[in-house]
Amino acid sequence: MTDLVSYELNDGIATITIANGKANALSHEVFEGLNSALDQAEQDKAIVILTGQPGVFSAGYDLKEMQKGPKEAGALVKVGSTLTRRLAAFPLPVIGACSGHAIAKGAFILLSVDHRIGVEGPFKLGLNEVAIGMTMHHAGIEIARHRLAPAHFYRSVVNAEIYNPEGAVEAGFLDEVVPQDALLERAGALATQFKKLNMRAHRETKVKAKADYLALLDRCIQQDAENLGLNG
């Protein structure tokens, strides 16, 4: 797709890899690459494995863009929220292969895909917005509420608790943890298993199960944009 997002198709399985520096920062260019890769996966009717560089899935939004000013930050957040909304309703199964750290928007992406595999090691996962002085946006709150275990929602969103991979399974950021060298093998095996699903039934059931959540997310994205003056 681009230098920042690669796309590899193999036997009906599309591996999409983010590669943007040591933090795997999520910039406008990365989001453009991700959306192009997802367009291609839809065209190929492929199961998606979404992953990052070894050691980091993503540490979140590109800070250079976020620090330009409130309007620029809000614009990037809107693009990011729209991507996570797309992932939540994606018509084919999406596996998050979390290759290491997943902080802030990196963690929100994990909260938006169908199955999440993490790796063993000294990695940090969670939502650090409150810890770094950012009031959580409406869409972020609802993405977290939708997927996190109830006992961990407040700890994650309001207290900015950060988890190790095993704790992230308990909290709801991950579904399972494997050794680092087994990540893509496990993701591939799971994707092969998902290929046995009836994709029409998967697509229709996903959207039906999430109908209220998706409508809420649409309202939240609009509300966040209005609060930041992005609609005129």
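The structure holds two aromatic pairs. In one of them, the ring centres of Tyr163 and Phe173 lie 5.9 Å apart and the planes meet at 50 degrees, so this pair is tilted. The model is predicted.

**The pair of Tyr163 and Phe173**

- A pair of aromatic rings is described by the distance of the centres and the angle of the planes.
- Planes under 30 degrees apart count as stacked and those over 60 as edge-to-face, so the angle of 50 degrees places this pair in the tilted class.
- Tyr163 is buried, with a relative accessibility of 5%.
- Phe173 is also buried, at 0% relative accessibility.

**Residues with a positive phi**

- Asp11 has a phi near 55 degrees, a positive value in a residue other than glycine.
- Asp11 is located in the loop between β1 (5-10) and β2 (13-18), and its relative accessibility of 61% makes it exposed.
- Asn24, which is not a glycine either, has a positive phi of about 50 degrees.
- The loop between β2 and α1 (28-44) contains Asn24, which is buried at a relative accessible area of 0%.

- Asp62 sits in the loop between β4 (55-58) and α2 (63-66).
- A relative accessible area of 11% classes Asp62 as buried.
- Leaving aside residues up to four places away in sequence, Asp62 touches Ala25, Leu26, Ser27 and Leu76.

Definitions and conventions:
Residues are numbered from 1 along each chain as its sequence is written. This is a predicted model: local features need pLDDT of at least 70, side-chain atom pairs count only at pLDDT 80 or more; totals for chains, interfaces and linings use all residues. Side-chain values use heavy atoms; hydrogens and water are left out. Helices (H or I, at least four residues) and strands (E, at least two) are DSSP runs, numbered from the N terminus. Buried means under 20% relative accessible area, exposed over 50%, partly exposed in between (1.4 Å probe, protein chains only). Contact means heavy atoms within 4.5 Å. Rings of Phe, Tyr and Trp (its six-membered ring) pair if their centres lie within 6.5 Å; planes under 30 degrees apart count as stacked, over 60 as edge-to-face and the rest as tilted.
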